[in-house]
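Dear colleague,

Please read the notes with the coordinates open beside them.

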Amino acid sequence: MNTDPMSDGTQLTILPRMAGKNEPLARQYLQLLLAGKRVEGTELVLQAAQDGVSLQNIYLEILKPALYEVGELWQRNRLTVAREHLCTAAVQYTMSQLYPRILKGKQRRLPYAFLGCCVGGELHEVGMRMVTDLFEMAGWDTLYMGANAADEVVVDEVARKKIEVVGISITIIAHLHLASRLIMALRSRRETANVLILVGGYSFIGKPELSQTIGADAVAIDPLEAIRTAGKLLEEKRG
C-alpha cells in the first residue's frame, strides 16, 4: 500500500483494490483536489479520457477512490467540513464536464429506465450521481433527482417517465425511515406500485438485511453490482 505525504504530515492512501492500474492518476487527482485546484484536476481527468482511459474506469479508478480518500481524511479529522465539501464539489464539477462525453459515446441503448435519488434530508449525493452516470454508460435511460428529493416529486417522475428501477441512496442510518416512507409512497400509487427498488449507500455496508426491513427489492453497495442486480431483477420480472 503506497502513501504520499501532505504538507502537514498526513499520509494519503489510495487502496490498490480501488484504484487499479489508474492509481497514479487517482493519486495526482487527489492531490489537486486537496490543493483546491478544481480546474487543474478536471483537466487531468479530461486528458485521461482523451488518452483512451474509459469513462467507466475514470469513475471507478480515479474519481471514486479519490473521493473515498477525502472522506477518510475527514473522518480522521485531517480535513475540515468546509474543505471536504470543496473537494466533493470539485468532483461533481469534473463529472459535469464528463457527462457530455457519456452521452456522445453512448452507443448501446437498452430498453431500461433508471431513476437515482437520495432520500429527504440526505445531502450526500455524489455517490448516487456516480451510480446514475454509470447506468447511463451501460446503456440505460436515466434520471438523476439529486439530494433531498421530496417523496411526491420522485413518485411523480417515476410515473411520468415510466421508470422501471428506482435507486435510493441512504448514507446515514438514521434516514432509513425516510427511505421506507418513500418506498411506501411508491407502492401506494397505482402507476408506480410495481417499480423495482434498489437501495445502497453507507448504511448497508455489512448490514444488507436492512434493505428488507424498508421494503426494497434488493441492495447493492458497488456501482457495477447495482447495474447487474437491476438488470437481473428486470429480466426476472419480464419473464
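Does Lys-64 count as buried, partly exposed or exposed, and at what relative accessibility? Lys-64 counts as partly exposed, at 26% relative accessibility, where buried means under 20% relative accessible area, exposed over 50% and partly exposed in between, with a 1.4 Å probe and protein chains only.

Before going further, please keep in mind that this is a predicted model, in which local features need pLDDT of at least 70 and side-chain atom pairs count only at pLDDT 80 or more, while totals for chains, interfaces and linings use all residues. Residues are numbered from 1 along each chain as its sequence is written, and side-chain values use heavy atoms, with hydrogens and water left out.

Salt bridges

The structure holds nine salt bridges, each being a side-chain nitrogen of Lys or Arg within 4 Å of a carboxyl oxygen of Asp or Glu. In one of them, Lys-64 pairs with Asp-222 at 3.7 Å, N to O. Because Lys-64 sits in helix α4 (residues 55-75) and Asp-222 in the loop between β7 (218-219) and α10 (223-238), this pair ties together parts that are 158 residues apart in sequence; helices (H or I, at least four residues) and strands (E, at least two) are DSSP runs, numbered from the N terminus. Asp-222 is partly exposed, at 29% relative accessibility.

Another salt bridge joins Arg-181 and Asp-151 at 2.8 Å, N to O. Arg-181 belongs to helix α8 (residues 176-188) and Asp-151 to helix α7 (residues 151-161), so the pair links parts that are 30 residues apart in sequence. Arg-181 is partly exposed at 45% relative accessibility, whereas Asp-151 is buried at 11%.

Within helix α7, Arg-160 and Glu-157 are three residues apart, and therefore separated by about one helical turn; their side chains meet in a salt bridge at 2.7 Å, N to O. Here Arg-160 is exposed, at 54% relative accessibility, and Glu-157 is buried, at 16%.

Cysteines

A search of the whole structure finds zero disulfides, a disulfide being a pair of cysteine sulfur atoms within 2.5 Å. For Cys-87, the closest cysteine sulfur is that of Cys-118, which at 19 Å is too far for a bond. Cys-118 is in no disulfide either, and its nearest cysteine sulfur, in Cys-117, is 6.8 Å away. Cys-87 is buried at 2% relative accessibility, and Cys-118 is buried at 1%.
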